[in-house]
Amino acid sequence: MMKIKKGDTVRVIAGKDKDKEGRVLGVKDGKVLVEGCGMVTKHQKPGAGNPQGGIVNRESYIDISNVMYLHNGKPTRIGFKMDGDKKVRVAKVNGDIIG
């Protein structure tokens, strides 16, 4: 089970986009796609979505170890605990359950 999920708000803690914050757009193989972070230039062929083609800027995946979850605006680590029969994520900074 991953500690960071799609839709979470995170802060980048390492790399060229350090201290930027954004929403997670996707998680794949220990990497996250953060809105507005890790921008790269791609050369795109003409297609249905972009009939002219050309050079586009888009987000690229960042290693999950380089981002930290934001809980009420404060960066925190994430733990797990059992809430009845369910396994839930818990913010280490204050023990709140993350919905």
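**Close-up 1. A lysine over a phenylalanine ring.** The charged end of K87 sits over the ring of F80, at 4.8 Å from the ring centre. This is a predicted model, as are the views that follow. F80 also has a bridge partner in strand 10, namely R89.

**Close-up 2. The hairpin of strand 9 and strand 10.** Here strand 9 (residues 78–83) meets strand 10 (residues 86–91) in the antiparallel sense, over 6 bridges. The hairpin has 2 residues between its strands, and G84 takes a positive phi near 75 degrees.

Close-up 3. Look next at strand 1 (residues 9–12) and strand 7 (residues 67–71), which pair in the antiparallel sense through 3 bridges. Within this pair, V10 stands opposite Y69 of strand 7.

**Close-up 4. The largest nonpolar core.** Which residues touch the most other members of this core? They are I4, V10, V32, V34, I62 and V67, out of 13 residues in the core. Strand 1, strand 3 and strand 7 each contribute at least two residues to it.

**Close-up 5. Two aspartates with positive phi.** Most residues other than glycine have a negative phi, which makes the next two residues worth a look. D19 has a phi near 75 degrees, a positive value in a residue that is not glycine. D19 lies in the loop between strand 1 and strand 2 (21–28). Is D19 buried or exposed? With a relative accessible area of 56%, D19 is exposed. The second residue is D29, whose phi is positive at about 50 degrees although D29 is not a glycine. D29 belongs to the loop between strand 2 and strand 3 (31–34). D29 counts as exposed too, at 76% relative accessibility.

Notes
Residues are numbered from 1 along each chain as its sequence is written. This is a predicted model: local features need pLDDT of at least 70, side-chain atom pairs count only at pLDDT 80 or more; totals for chains, interfaces and linings use all residues. Side-chain values use heavy atoms; hydrogens and water are left out. Two strands pair if DSSP finds at least two bridges between them. Helices (H or I, at least four residues) and strands (E, at least two) are DSSP runs, numbered from the N terminus. A charge sits over a ring if NZ of Lys or CZ of Arg is within 6 Å of the ring centre and within 35 degrees of the ring normal. Buried means under 20% relative accessible area, exposed over 50%, partly exposed in between (1.4 Å probe, protein chains only). A nonpolar core is a set of buried Ala, Val, Leu, Ile, Met, Phe, Trp, Tyr and Cys residues joined through side-chain atoms within 4.5 Å.
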